[in-house]
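Visitor: I'd like to learn how to read a structure like this one. Could you walk me through a few features?

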Amino acid sequence: VSESAAKLPSKILELMDGFRASKALFVACKLKIFDHLKDKGPLKAVDIANEIGTSVCGTERLLDACAALGLLEKTSQGYRNTDSANTYLTSDGEYSLHGYIIHSNDHVWPLFTNLESAVKEGSRQNHRAFGRKAEDLFKDYYHSWEVKQRFMAAMHSIAHLTARDVATAFDLSQFKSACDLGGCTGALAHELVQIYPNLKVTVFDLPEVIANISYFQPSGQCTAPVTFVSGDFFKDNLPEADLYILSRVLHDWSDEKIHVLLSKISAVCKPGCGILLAEMVLDDEKKNRSTALLQSLNMLVQTEGKERSGSEYRGLLEQHGFTNVKIRLTGNLLDVILCVKT
Ligand code: SAM
């Protein structure tokens, strides 16, 4: 390495390239290249291009970029998936991230294109990215079946990756019943009943979501002990439970709306009952976790909320009588906070 090459600002150069690498991954997923290679690899660029109906020259460049990024292996017989591509990038694997990647391409990408306006205005950018902005982000997600299905598939795929670590961060065996507020497809609920067979879990979510859950259930149908109830957690009565779960829910909302929700939970929670939060927990100085800080920008472009530190969550919970706040950093994408009503 020459002296001047050694002095290159490699971190900055890597960040300048970051969006190109993300887009190459997104497009390869969207074109289902990893699905084709799982069943039939190794394949030459021309064969893949013929199968998916793309240009040979463009496909070859995309495949080479994916290989250089470590997503594919390039061999003399052609391209084949890495183990990690087989597990996470094909669309049908148990731990597939395909749903989240398609959501990132089709929804988050256009929103991030408007990050500059979001920073200037301090608010979400649905109107600039998609030409409409409803009263809250979920009305924007659920106005069309396709957008709703894509969002639910994204939540399902990312929740699968975190569910076990969330469910096991604390011993929850003292609780007999749990209600996963905003529990979406039930991915965490199903993990919880596997780990705690005596726990009855209710998933509570908006009617538009509950009407669409059957597609995501393990056996294609909704079986006990997970039950699904539809409602609006800001307006309707909450199901009775010993433990209320809020996973990736508080980060969608302002402190004011969080106070409305926590005071409703507090009103139905008996002493000894608890709240389990699953969120990316920031360090108090907000300077160490780039994944969580970038997620907070993601919340800026699309929600009313933000990522918060452990002290901020503790402050919100304590105002509603939830003390003994315990925080576990899991090393996974979500951390877990458990507190009990005194
Ligand atoms: N808990 C899931 C997870 O961790 O993957 C989904 C998180 S998603 C970011 C937020 C969820 O809250 C969505 O499923 C959404 O439909 C639900 N939600 C939003 N507003 C709601 C409301 N007013 N009442 C009930 N559920 C709501």
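This is a predicted model: local features need pLDDT of at least 70, side-chain atom pairs count only at pLDDT 80 or more; totals for chains, interfaces and linings use all residues.

Visitor: Okay, let me try that. Is Arg124 buried or exposed?

Guide: Arg124 has a relative accessible area of 5%, so it counts as buried. Asp140 is buried as well, because its value is 3%.

Visitor: Why bring up those two together?

Guide: Here's the general idea: side chains of opposite charge can pair when their charged atoms come close. In this model, Asp140 and Arg124 form a salt bridge, with N and O 3.0 Å apart. Asp140 sits in helix H10 and Arg124 in the loop between helix H8 and helix H9, so the pair ties together parts that are 16 residues apart in sequence.

Visitor: How many salt bridges does the structure hold?

Guide: There are 20. Another one joins Arg164 and Glu191, whose closest N and O atoms are 2.9 Å apart. Arg164 belongs to helix H11 and Glu191 to helix H12, so this pair links parts 27 residues apart in sequence. Try the cut-offs again here: Glu191 is buried because its relative accessibility is 13%, while Arg164, at 46%, is partly exposed.

Visitor: Which residues are linked with Lys30 in a network of salt bridges?

Guide: Asp106 and Arg150 are linked with Lys30 in that network.

Visitor: Now the ligand. How do I read what's around it?

Guide: Start with the residues that surround it. The ligand has 18 of them, and the closest are Tyr142, Gly182, Asp205, Phe233 and Ser247. Sorted by class, the shell has 11 nonpolar, 3 polar and 4 charged residues. Helix H11 gives the largest share, 3 residues.

Visitor: Last one: which residues make the nonpolar surface patch of about 380 Å²?

Guide: Leu8, Ile12, Leu13 and Met16 make that patch. Leu8 is found in the loop between helix H1 and helix H2, and it counts as partly exposed because its relative accessibility is 46%.

Notes
Residues are numbered from 1 along each chain as its sequence is written. Side-chain values use heavy atoms; hydrogens and water are left out. Patches are made of residues with over 30% relative accessible area and no salt bridge: like charges are joined within 9 Å, nonpolar side chains (Val, Leu, Ile, Met, Phe, Trp, Tyr) within 5 Å. Accessible areas come from the Shrake-Rupley method with a 1.4 Å probe; for residues, only the protein chains shown count as cover. A salt bridge is a side-chain nitrogen of Lys or Arg within 4 Å of a carboxyl oxygen of Asp or Glu. Helices (H or I, at least four residues) and strands (E, at least two) are DSSP runs, numbered from the N terminus. Buried means under 20% relative accessible area, exposed over 50%, partly exposed in between (1.4 Å probe, protein chains only). A residue is near a molecule or strand if one of its heavy atoms lies within 4 Å of it. Ala, Val, Leu, Ile, Met, Phe, Trp, Tyr, Cys and Pro count as nonpolar, Asp, Glu, Lys and Arg as charged, and the others, Gly among them, as polar.
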